[in-house]
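Here is a short tour for anyone meeting this structure for the first time. Have a look at it first, and then we'll walk through it together.

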Amino acid sequence: ELLGLEGVFFDENRSDPILADTAEENWNMACIFLVLFLISLLYSITVTLVKVRGRI
């Protein structure tokens with residue numbers, strides 16, 4: 001019973017700004033990862049095309 005009460009207090013003490021900051025950080029990290037992934041993908045495609053056209 002005491003553990004259940006601690007869980008309730010833990011959830012009630014969690015403030016909304018902290019959760020919002022964490023969500024924003026996760027969103028920013030996901031966007032940065034996506035942008036860097038797309039840049040690396042475009043770079044690898046460009047290098048591959050340049051090498052393939054150089055052989056022909």
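Let's start at Leu38, which sits in helix H2, a run that covers residues 16–55. Keep in mind that you're looking at a predicted model.

Together with Phe33, Leu34, Phe37, Leu41, Ile45 and Leu49, Leu38 makes up a nonpolar patch with about 680 Å² of accessible area.

The partners are Phe33 and Phe37, and their rings are stacked, at 6.4 Å centre to centre with 20° between the planes. Both residues belong to helix H2 and are four residues apart, about one turn of the helix.

| Residue | Relative accessibility | Class |
|---|---|---|
| Phe33 | 59% | exposed |
| Phe37 | 43% | partly exposed |

Phe33 lands in the exposed class because its 59% is over the 50% cut-off.

Now for the record: an unreviewed UniProt entry places a "transmembrane region" at residues 27–50. In the model, that span is 100% helix and 0% strand, and its end C-alpha atoms lie 35 Å apart.

Finally, zoom out to the whole chain. It has two helices and zero strands. Of its 56 residues, 0% count as buried. The accessible surface of the chain comes to about 5600 Å², and 70% of that belongs to carbon and sulfur atoms.

How values were computed
Residues are numbered from 1 along each chain as its sequence is written. This is a predicted model: local features need pLDDT of at least 70, side-chain atom pairs count only at pLDDT 80 or more; totals for chains, interfaces and linings use all residues. Side-chain values use heavy atoms; hydrogens and water are left out. UniProt positions are given in the numbering used here, feature names are shortened, and annotations may be inferred rather than shown by experiment. Patches are made of residues with over 30% relative accessible area and no salt bridge: like charges are joined within 9 Å, nonpolar side chains (Val, Leu, Ile, Met, Phe, Trp, Tyr) within 5 Å. Accessible areas come from the Shrake-Rupley method with a 1.4 Å probe; for residues, only the protein chains shown count as cover. A salt bridge is a side-chain nitrogen of Lys or Arg within 4 Å of a carboxyl oxygen of Asp or Glu. Rings of Phe, Tyr and Trp (its six-membered ring) pair if their centres lie within 6.5 Å; planes under 30 degrees apart count as stacked, over 60 as edge-to-face and the rest as tilted. Buried means under 20% relative accessible area, exposed over 50%, partly exposed in between (1.4 Å probe, protein chains only).
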